[in-house]
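Visitor: Good afternoon. May I ask some quick questions while we look at this together?

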Amino acid sequence: MTKRAVDAVFLALFALTDLRAMLRKTAPDHRLDPQQQQEARALIAQVRGQLERLEEDLLP
């Protein structure tokens, strides 16, 4: 496994942790205000980007 792949795992997990914290704050109905929706989109995009890096490095 490359350092790039390891970094991608950690960065994806950090983004997911931030998303999890957002869901905790909005429990139990998880209704996100417009700013939270924008943050959630950004976090999900970060995770997708890191998963793409993982695929590139691990599944050439």
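Visitor: Where is Phe10 found?
Guide: Phe10 is found in helix 1. Helices are DSSP runs of H or I with at least four residues, strands are runs of E with at least two, and both are numbered from the N terminus. This is a predicted model, in which local features need pLDDT of at least 70 and side-chain atom pairs count only at pLDDT 80 or more, while totals for chains, interfaces and linings use all residues. Residues are numbered from 1 along each chain as its sequence is written, and side-chain values use heavy atoms, with hydrogens and water left out.

Visitor: Why does Phe10 count as partly exposed?
Guide: Phe10 is partly exposed because its relative accessible area is 45%. The term buried means under 20%, exposed means over 50%, and partly exposed lies in between, using a 1.4 Å probe and protein chains only.

Visitor: How far is Phe10 from Ile44?
Guide: The two are 34 residues apart along the chain, and their C-alpha atoms are separated by 14 Å.

Visitor: Then which residues of helix 1 are buried?
Guide: Ala5, Ala8, Ala12, Ala15, Leu19 and Met22 are buried in helix 1. These buried residues pack against helix 2, where contact means heavy atoms within 4.5 Å.

Visitor: What about helix 2, which residues are buried there?
Guide: The buried residues of helix 2 are Gln36, Ala40, Leu43, Val47, Gly49, Gln50 and Leu54. They pack against helix 1, which covers 3-25.

Visitor: Why do residues three or four places apart point the same way?
Guide: An α-helix has 3.6 residues a turn, so residues with that spacing point the same way.

Visitor: How far does helix 1 reach, end to end?
Guide: Helix 1 has 23 residues and reaches 33 Å from its first C-alpha to its last, close to the 33 Å expected at 1.5 Å a residue. The expected span is 1.5 Å times one less than the number of residues.

Visitor: And what span should helix 2 have?
Guide: Helix 2 should span 36 Å, because it has 25 residues at 1.5 Å a residue; its end C-alpha atoms are 36 Å apart, which agrees.

Visitor: Let us pick Gln36. Is it buried or exposed?
Guide: Gln36 counts as buried because its relative accessibility is 19%. Its place is in helix 2, residues 34-58. Leaving aside neighbours within four places in sequence, Gln36 is in contact with Met22, Thr26 and Arg31.

Visitor: Where is Thr26?
Guide: Thr26 is found in the loop between helix 1 and helix 2. At 8% relative accessibility, Thr26 counts as buried.

Visitor: Which peptide bond is cis?
Guide: The peptide bond from Ala27 to Pro28 is cis, with omega near 5 degrees. Pro28 lies in the loop between helix 1 and helix 2. In the loop there is also His30, which has a positive phi of about 60 degrees although it is not a glycine.

Visitor: What does Arg53 touch?
Guide: Not counting residues up to four places away in sequence, Arg53 touches Arg4 and Ala8. Arg53 is found in helix 2 and is partly exposed, with a relative accessible area of 33%. Arg53 and Gln36 are 17 residues apart in sequence and 26 Å apart in space, C-alpha to C-alpha.

Visitor: Now the whole chain. How many helices and strands are there?
Guide: The protein chain has two helices and zero strands. Its C-alpha atoms fill a box of roughly 40 × 15 × 15 Å along the principal axes.

Visitor: What radius of gyration does the protein chain have?
Guide: The protein chain has 14 Å, whereas a compact globule of 60 residues would have a value near 10 Å. The radius is taken over C-alpha atoms, and the globule rule is 2.2 Å times the number of residues to the power 0.38.

Visitor: What share of the residues is buried?
Guide: Buried residues make up 23% of the 60 residues in the protein chain. Of the contacts with a separation of 6 or more, 69% involve residues 24 or more positions apart.
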